[in-house]
Amino acid sequence: MLLLDYFSEPSPIMYLFLSLSTIWIIKYLYQSVKRLYSLPPGPFGIPIFGYYPFLKHHSYIQFDQLSKKYGPVFSLKLGQFDTFVVCGWDNLKDAFANDALLARPAKGFISGIENTLSVISMSGDAWREHRRLSLHVLRNVGLGKREMETLISEEIHQFLSSLETNVIDLPERQMPSVSNNISALLFGHIFDYNDPEKVSTGQIVARLCNIFQFTGITSYLPWLTKPLIFLGKANLKIIQKAQMHLNEFISREVSKHKNKVDSTEIEDYIDGYLNVQSKRKDEIFNDNVLRRNVITFFVAGSETVTSTLTWAIMYLVQYPQYQEKIRSEIKEAIGTEKRPDFSDRQKMPFTLAFLYEVQRIESIVATNLIRRASQDTKIGPYNVPKDSLVLFNFWSVHHDPKLWPNPDKFDPNRFLTDNGTKVVKPPYLVPFSAGKRACPGEGLANVELFLYTVGILQRFKIKSDKPLSFEAINGLTRRPKYKPDLIFEKISF
Ligand code: HEM
C-alpha cells in the first residue's frame, strides 16, 4: 500500500496518533507562549544560540544599556537557557536574600573541559557541605586570625624589598606575592618568587584570567565545548591546557601531604580536607573535589586581589593628591617605622574610602558568577521559572546615577561624611556579592588590599612618565588591558 493510500483511508490507530500529536503540539505551543508571556521582556536571539552570538566582550555594559530599554530585570535566551539579568538595586537586594537563587548552572562553568565540580560551581547540599567544611578548615589554619595578618605583613615586607624602581608589569610582580598568602593557608608553605614551578603556574593563571569568562560558551552552550576544542576555536584548548597544568600542580601538593610522616597534624587546607575525607565515607568528599577546591581558592584568592591592587595603584598615579592624602593618614596613624596592621584602618577613613571607590568604579567582578533558580521563584514582581540562569549585574548598580551622583568620576570623597572624618560603606557597594553565597574571601581580601596599599605608600612614591590607559579587558576579572609603566621612588618622610 502506498503511503498516500494509507493517509486517504486512516485507520483508528492513525486517528488516535494524529489526535494525540495535535494535542501535544497545541499544549507545547500554549505552554511556550504562556512561558514567554510570564517572563519579563528582553531582546530576542536566534534559534539554538539565543542572544549569545550578540553578546559583546564587555557584556555587563551591554546589559546595563538593555536594562534602560527593557527594565531593571529583563530576560533573554543565552544558549539553551532562559537567563534573567538583574540590574536594579531594589531587585538585586531581593535576589541576594532568595534561597531559591543559590544554585549554579547544573554542569558548572567548564563543562566538557573539567567535569568535577568544586565549591564555586556546586549546588544544593554538596555545595553547602563543601562551603561549610572549607571555611571551617581555613579558619582553623588561620583565615581571619591575627596570625594570618602577621603572615601577610611579613609577605608584604618581602615584596617591598624586592620592588625595583621601574616596574613595567605590576600584576606579574604582585601576583606571586599575593598568591603566597593563600598558598600559606592551602599548602602550609609559601613559594620563592623565582620558583620555576610557581612562575610557570603564575603565567598560566594570568593567561587563563585574561581569556576565561564564567559567562562564556562553556556555561551557556556546554554541548559545544568538545566540538570547539576539536576545532581549536574560542581559546578552549588554552583553557583546557591551563586546567591540566593546574590539576598537575595541585596533585603534586596533595601527594606530598599524603606522604607526610605525621598525618594527624592539620597545618593547612589540604591536611584538613584529607582528614575529613578519611573519616567520612560519602562520595562527595574525594581527591578530585579536593584538587578542584584548592585550584578554586588558589586562583580566586590570587587573581582578584592582584587585579584590584593594580587598579588601586593606577588611580594613585593618576591622582597624586590622593597618594599624599593617604600618606598623611599613614604619618598620623602609623608613623614611618611601624609596619601597618589592619586595626590602623579605624584611624584612616580616607584610605578606606579610596579602596571602596576603586572597587566601585572598576567592579572587577562585573557580573556575578552565574546563579540558577533551583525552583520556581520570583525576583520582585517577576516570575523566575526553575532552572533559569540569573546574572546579577554589579556594574549597573555600581554605576547607577541615582545611587552614585556622577558615577563615572573617580571620587573617594563620596564615601566620607562629617567633614571627611568618617567613612560610610553603603549597602549597595557589593564587590563581593552578598547573602549566603557571597565571597568567602572578603575578609582576607580586605586585609590584603589595606596592608599592601598602605605598605607600598609608606615606602614609595609612585608615578609614571607615560599617560596610563584605564581600558579594561574582561576575563575572569576586569583587569587593565595595558601593562602600566610605573616608577617606584623610595621616600623618607
Ligand atoms: C577583591 C577580591 C575579591 C573579589 C572582588 C571577589 C568577588 C567574588 C564574587 C563576586 C563572588 C561570587 C559570589 C556569588 O556568587 O554571589 C566570589 C566568590 C568566591 N570567592 Fe571571591 N572575591 C575576592 C577575593 C577572594 C579571595 C581572597 C578568595 C579566597 C579565599 C575568594 C574565594 C572565593 C570563592 C571560593 C568563591 C565561591 C563561593 C561560593 O560559590 O560559595 N575570593 N568572589
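1. The shell around it divides into 14 nonpolar, 7 polar and 4 charged residues. Keep in mind as you read that this is a predicted model.

2. Which residues come nearest to the ligand? Out of the 25 around it, those are Trp 127, Arg 371, Ser 433, Arg 437 and Cys 439.

3. Some polar side chains are worth a look here. Ser 433 has a polar side-chain atom 2.6 Å from an oxygen atom of the ligand. For Trp 127, an N or O atom of the side chain is 2.8 Å from a ligand oxygen. Arg 131 also has a polar side-chain atom by a ligand oxygen, at 2.9 Å. As for the elements that give two or more residues to the shell, they are α5 (124–140) and α13 (287–318). The largest share comes from α13, with 6 residues.

4. Now have a look at helix α12, residues 269–279. Here 9 of the 11 residues are buried, so the helix is largely enclosed by the rest of the structure. The buried ones are Tyr 269, Ile 270, Asp 271, Gly 272, Tyr 273, Leu 274, Asn 275, Val 276 and Gln 277.

5. What covers those buried residues of α12? The cover includes α5, α7 (170–187), α11 (236–258) and α13.

6. Ile 270 is itself one of the buried residues of α12.

Definitions and conventions. Residues numbered from 1 in each chain as written. Predicted model: local features only at pLDDT ≥ 70, side-chain atom pairs only at ≥ 80, totals over all residues. Heavy atoms only, no water. Near = heavy atom within 4 Å. Polar contact = N/O pair within 3.5 Å; in protein donor to acceptor, adjacent residues only side chain to side chain. Helix = DSSP H or I, 4+ residues; strand = E, 2+ residues; numbered from the N terminus. Nonpolar A, V, L, I, M, F, W, Y, C, P; charged D, E, K, R; others polar. Buried < 20%, exposed > 50% of the residue type's maximum accessible area, 1.4 Å probe, protein only. Contact = heavy atoms within 4.5 Å.
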